[in-house]
Amino acid sequence: MYQRPTIKGRIGAKDTVREFKGRDGATKKVFSIEIMDESCDMKATFWDKAVDKFFDVLESGKTYTFSKITLKMTNSKYNSTKCPYEMTVNENSVIEVCADMDAPKVLFTFVGIDKLEEKINKSCDVIGVVQ
């Protein structure tokens, strides 16, 4: 039923709630967050009842543990994080605030300008100096 890992990380980014019509014509809700620790960043997506339960509780910059979640391979079409997995949170998931950890506020994967051609349609970070 659930994969059993517990994920701990700081919320770096939190989207707004989006509403849309599902195939059945019903209104659906979704929002996503990015969670970071010292190793990588991961996307977590919340649907419908999980949106109602968790959106107002979660705060960017705070650290949480996430359990009773589902992990799947990242779909790079919708996910620009560096982690090969992404998390889906449902209304039965457990999210608890915890003491702040030494997780970076932003994770970078710098690429030299000469390597940008290799990164077409991929996410990367670039830094340069103009003189």
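Which residue lies over the face of F55? K14 does, at 4.1 Å from the ring centre; the criterion is NZ of Lys or CZ of Arg within 6 Å of the ring centre and within 35 degrees of the ring normal. The model is predicted, with local features needing pLDDT of at least 70 and side-chain atom pairs pLDDT 80 or more, while totals for chains, interfaces and linings use all residues. Residues are numbered from 1 along each chain as its sequence is written, and side-chain values use heavy atoms, without hydrogens and water.

**View 1. The largest nonpolar core has 20 residues.** Such a core is a set of buried Ala, Val, Leu, Ile, Met, Phe, Trp, Tyr and Cys residues joined through side-chain atoms within 4.5 Å. I33, F46, L58, F66, M87, V89 and I95 have the most contacts inside it. At least two core residues come from each of β1 (7-14), β3 (27-36), β4 (41-47), α1 (49-54), β5 (63-67) and β7 (85-89); helices (H or I, at least four residues) and strands (E, at least two) are DSSP runs numbered from the N terminus.

**View 2. F31 and F46 form a stacked aromatic pair.** Their centres lie 4.4 Å apart, with 10° between the planes; rings of Phe, Tyr and Trp (its six-membered ring) pair with centres within 6.5 Å, and planes under 30 degrees apart count as stacked, over 60 as edge-to-face and the rest as tilted. F31 is in strand β3 and F46 in strand β4, so the pair ties together parts 15 residues apart in sequence.

**View 3. Ring pairs link F31, F46, F54 and F55 into a cluster.** F46 and F54 pair edge-to-face, with centres 6.0 Å apart and planes at 65°. F54 is buried at 5% relative accessibility.

Key
Buried means under 20% relative accessible area, exposed over 50%, partly exposed in between (1.4 Å probe, protein chains only).
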